[in-house]
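Okay, thanks everyone, I'll keep this short. Have a look at the model on the screen, and then I'll walk you through a few spots.

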Amino acid sequence: MQSEKGFGVARNRAGLVWCSAAAGVLAAGAAWAAVPMPKPRPADAPLVQGEPQSRAEEKNIPAQPAAQQPAVPQPSACRLALTEEIAIAPSQPAITGPGACGGDDIVRLEAVLLADKSRVPLKPAATLRCNMAAAVAQWVRGDVAAIATELGTRVSELDNFDSFDCRGRNRVAGARLSEHGRANALDVRGVKFASGQFVSLTDRATARDVREKILRSVCARFTTVLGPGSDGYHEDHVHLDLAERRGGYRICQWDVWEAMPRIAPLLPALRPDEAPPREVAERTPQAEPVEAAPAMPAQAPAPAAQKPATNELRPSVSDQKAAPSPAKSAEQPAKKKRSARPAQPSPWWDVLNPQSKKGTGVSGAFR
Ligand SMILES: [Zn+2]
């Protein structure tokens with residue numbers, strides 16, 4: 001029983017302690033409410049000399065190193081100017097390496113917007129520095145679009161043969177870093193028009209004045225232009241970049257070749273349909289060598305349709321004499337397609353290579 005009484009006293013003491021603690025808290029609360037507090041300092045209040053500028057400084061907490069703070073690069077002037085009214089070119093993270101490759105202010109140039117709001121996509125999208133992307137966009141908007149308008153059409157697509165690519169010049173191992181490795185270059189093979197026609201910049205079949213206009217436009221906008229005739233690496237595309245050189249030196253190397261003749265001048269003209277029958281018949285693949293072959297009667301030439309294809313490989317000497325001269329080719333109907341021509345090497349092969357006929361059958365000499 002003693003133990004029960006003692007326990008009851010202890011419990012009462014505990015209750016007393018709680019009551020006095022609660023009373024103390026209430027009293028402190030009443031005292032806090034009674035003290036007038038200063039108004040919070042406005043955010044734009046001027047700093048008082050000697051006043052700590054931040055809680056970190058106040059508590060002598062060392063400032064966080066800059067490297068640990070999230071880097072928020074300010075948009076470049078180019079980035080601010082390359083709006084969605086000019087190009088669809090979302091910003092990309094900076095490219096670092098490997099080696100000296102890479103760069104910052106990178107964009108993914110997906111399309112150029114023309115003045116009429118129509119889009120000219122780059123196929124595929126190009127990874128470029130903002131300055132290079134902006135130059136390409138202005139070239140398409142200002143020059144390519146104008147050339148297309150002169151031709152009565154509009155540009156609908158720009159071919160991207162290569163943009164960012166970490167490599168040496170001309171893909172030569174050990175060569176100096178290409179501007180492609182700095183995301184500062186674009187290779188273009190051609191443009192597509194709204195008609196669906198693909199216009200190659202380097203194909204001789206493309207009208208020469210169109211190629212010359214393109215040449216003048218790119219050499220005015222880019223500091224490096226390499227095309228056919230420059231170094232042997234740019235016969236099927238044109239390289240454009242914005243490399244900076246001392247004294248503002250620029251390179252514009254692109255030979256706009258003459259258009260190829262529709263008929264190669266060294267080839268003889270087609271044998272006219274109305275030409276008289278050949279005096280000497282062609283040989284079959286199983287024919288004997290020339291020396292042993294009996295001459296076929298001139299009045300019974302084999303019909304052309306029944307001749308094996310290999311028989312057409314080499315015309316006889318009499319054909320060479322009978323073939324019209326190149327000067328006469330102008331009289332041939334221009335609409336005659338080359339595809340109508342049989343698989344037949346020209347007699348000038350024999351003229352230029354008299355050794356080729358020695359000791360061989362006529363049809364086997366060209367293999
Ligand atoms: Zn290139």
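So, Pro98 sits in the loop between strand S3 (95–96) and strand S4 (102–103). Helices here are DSSP runs of H or I with at least four residues, strands are runs of E with at least two, and both are numbered from the N terminus. The bond joining Gly97 and Pro98 is a cis peptide, with omega about 5°. There's another cis bond from Lys123 to Pro124, omega near -10°, and Pro124 is in strand S6.

Before I go on: this is a predicted model, so local features need pLDDT of at least 70 and side-chain atom pairs count only at pLDDT 80 or more, while totals for chains, interfaces and linings use all residues. Numbering starts from 1 along each chain as its sequence is written.

Asn170, not a glycine, has a positive phi of about 55°, and so does Ala183, at about 60°. Asn170 is in the loop between S7 and S8, and Ala183 is in the loop between S7 and S8 too. Buried or exposed, then? Ala183 is buried, with 30 other C-beta atoms within 10 Å, whereas Asn170 has 14 such neighbours and counts as partly exposed. The cut-offs are 20 or more other C-beta atoms within 10 Å for buried, 12 or fewer for exposed, and partly exposed in between, with C-beta atoms placed from the backbone.

Now the core. The largest nonpolar one has 44 residues, and Ala133 is among those with the most contacts inside it. By core I mean buried Ala, Val, Leu, Ile, Met, Phe, Trp, Tyr and Cys residues joined through C-beta atoms within 7 Å. H4 gives the most, 12 residues. Leaving aside neighbours within four places in sequence, Ala133 is in contact (C-beta atoms, placed from the backbone, within 7 Å) with residues including Leu82, Leu109 and Leu128.

On to H5. Arg211, Ile214 and Val218 are buried there. They cover an arc of only 60° around the axis, going by the directions from the helix axis to the C-beta atoms, which puts them on the same side of H5. The face turned away carries the exposed Arg208, Asp209 and Glu212. What do the buried residues of H5 pack against? Helix H4 (130–150), strand S11 (224–226) and strand S12 (238–241).

Last one: S11 and S12 run antiparallel, joined by 3 bridges, and Leu226 stands opposite His239 in S12.

Methods: Two residues are in contact if their C-beta atoms, placed from the backbone, lie within 7 Å. Two strands pair if DSSP finds at least two bridges between them.
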